[in-house]
Amino acid sequence: MQAYVLTRYGDASAMEFQDVPEPTADDGQVLIRVQAAGLNPIDFKVREGRMKMLTRLDLPLVAGSELSGVVEAVGAGVTRFAAGDRVFARVDKTKLGAYAPYAVLDEALVAKMPESLDFTDAAGLPLAGLTALQALRDVVGVAKGDKVFISGGAGGVGTLAIQLAVWMGAEVATTASPRGEELVRSLGAETVINYHEQKFKDLLSDYDGAFDLTGGQDLPDSFDILKRGATTASIAGIPDPATGREMGAGPVVTAALKAAGARIRHRARKKGVNYRFLFMHPSGPDLAVLAGLVDEGRLKTVTDRVFPFVQIPEAFTYLEQGHAKGKVVVQL
């Protein structure tokens, strides 16, 4: 079968179409006929080698982090799925494999798709949805009545994070361009700051938590708007030592992360707040939560563009330009 393969670490030429063997399901695994797959910034960060300290890959391997499709077959011991089920998943971080006609995943990583979505919309939900859910629920600890700031609300993670924070009972402020303002307001953001003209730290104060999706100066600026003891979760900053330990990093890598992030952690401590980097974990049960929210009408996906699979290089070029409002997806 023709798959899009990560051959080495490097620029866009490091991923290419190649013939690879069709996988089969072993015990506890699900073989999925892939219908669509999502593209994410983490995919080109992995390609560039920026995640090597935390995740070692055995290259070459089929690239791709999330998918939707139909169960083709199941291995021995699989009880939650059967051939013909419509499913979606965030794949194993060390194995990848979404950019191919067939993919094999452990049963625990898979969930049934929301009944109300088609394959293209469902394919863009797993990675961004799990990231938003785990950051807000597990790291920031959003509670009813909280005020939460989310930077870059019009992107793939931001559009879902806004809705999940609202579902959790929070009042949401976000940054967006004028082109993205209508979108983020429609998703539930009450305060929208045009980042071209204003700095959010000059307008916001006494927030109960922040979710940083943009990095750069936005990360330390988020500390300025928080109440003492509150937390900023980030997917765009520097991984912290705790993240390294959670990922099974050895003492050398953990020490390197401690040194690299010392300045940003010091700035957080000076403000009396907490900083945590989030490296989300694949989870079938969490995907089931997201699917339920979609079918209840509490969470909607935002798909920016859909490309045919043969145009996945062009899809990555578009994604890396950084202007997508919502998710970029390829259809197989």
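Student: Which residue in strand 12 stands opposite phenylalanine 149?

Tutor: Alanine 210 does. A strand here is a DSSP run of E with at least two residues, and a helix is a run of H or I with at least four, both numbered from the N terminus. We are looking at a predicted model, where local features need pLDDT of at least 70, side-chain atom pairs count only at pLDDT 80 or more, and totals for chains, interfaces and linings use all residues. Residues are numbered from 1 along each chain as its sequence is written, and side-chain values use heavy atoms, leaving out hydrogens and water.

Student: What makes strand 9 and strand 12 a pair?

Tutor: Pairing requires at least two DSSP bridges between two strands. Strand 9 (residues 147–150) and strand 12 (residues 207–212) have three and run parallel, so they meet that rule. Strand 9 also pairs with strand 10 (residues 171–176), again parallel, through four bridges; isoleucine 150 has threonine 174 as its partner there.

Student: Why is the crossover from strand 9 to strand 10 given a hand?

Tutor: The chain passes through helix 4 (residues 156–167) between them, and this β-α-β crossover is right-handed. That word applies because, with the strands pointing away from the viewer, the path from the first strand over the helix to the second runs clockwise.

Student: Why are strand 2 and strand 4 said to stand at the edges?

Tutor: Their open sheet has three antiparallel strands in the order 2-1-4. Strand 2 (15–19) and strand 4 (61–62) each have a single partner strand, so one side of each lacks a neighbour in the sheet. Strand 1 (residues 2–6) is joined to strand 2 by five bridges, and alanine 3 stands opposite glutamine 18.

Student: What follows helix 9?

Tutor: Glycine 272 comes next, with a positive phi near 75°.
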